[in-house]
Amino acid sequence: HPFCVTVQATRQGWERCQEVRESFVSNKLTECVTGANYIRTPVYVTDHLVGYTVMGPLVRDAYHMETMRQQLPEVAARLGIAPEVLLGHLSTVQMLNTGQLEVLQSLLATVISTVLQSSVERRRTEDRLKTIARLATGEG
């Protein structure tokens, strides 16, 4: 995301982003150094948790967006980024209300889980076909 790339272009920004990534282990909704939010969504394959997907940056409403806009010049200065550059990327940050976030989170989890499940099933099918081919040729 252009906003994240800009923040992570400096050492201070990259280090702060690492701290935020580590906080995803215990939080569902995490705020980054800029004030934007990231959401962690669990991914399941056959009822087993296999990992998480993260979406962001995003803000929850117009008030949150305005608060972030006001704080960005100070944040940019702390990170060693020109404030106008970071403010220029603010338009790429999505604004979603709570209902939209819940729908997006659910859809994302479903899509990723389905893709992973399809991959697992494909691999199992390939393994079965290889076994059948080995048995049919008398190799195994």
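User: Where in the chain is the place of Y44?

Analyst: In this predicted model, Y44 sits in strand β2, which covers residues 37–45.

User: Why does Y44 count as partly exposed?

Analyst: Its relative accessibility is 42%. Buried would need under 20% and exposed over 50%, so Y44 falls in between and counts as partly exposed.

User: What makes the nonpolar surface patch there?

Analyst: Y44, L49 and Y52 make it, and the patch comes to about 310 Å².

User: What makes up the largest nonpolar core?

Analyst: It has 21 residues, and F3, V7, M68, L86 and L90 have the most contacts inside it. Helices α1 (2–8), α2 (11–23) and α3 (62–79) each supply at least two of its residues. The largest share, 6 residues, comes from α3.

User: Which residues is L90 in contact with, leaving aside its neighbours within four places in sequence?

Analyst: F3, M65, M68, R69 and L72. Contact here takes heavy atoms within 4.5 Å.

User: Which residues does the second, separate core include?

Analyst: That core has 5 residues, among them I39, M55, L58 and L96. As for the whole chain, 32% of its 140 residues count as buried.

Methods: Residues numbered from 1 in each chain as written. Predicted model: local features only at pLDDT ≥ 70, side-chain atom pairs only at ≥ 80, totals over all residues. Heavy atoms only, no water. Core = buried A, V, L, I, M, F, W, Y, C linked by side-chain atoms within 4.5 Å. Buried < 20%, exposed > 50% of the residue type's maximum accessible area, 1.4 Å probe, protein only. Helix = DSSP H or I, 4+ residues; strand = E, 2+ residues; numbered from the N terminus. Patch = residues over 30% accessible without salt bridge, like charges linked within 9 Å, V, L, I, M, F, W, Y side chains within 5 Å. Areas by Shrake-Rupley, 256 points an atom, 1.4 Å probe, with all protein chains shown as cover. Salt bridge = Lys/Arg side-chain N within 4 Å of Asp/Glu carboxyl O.
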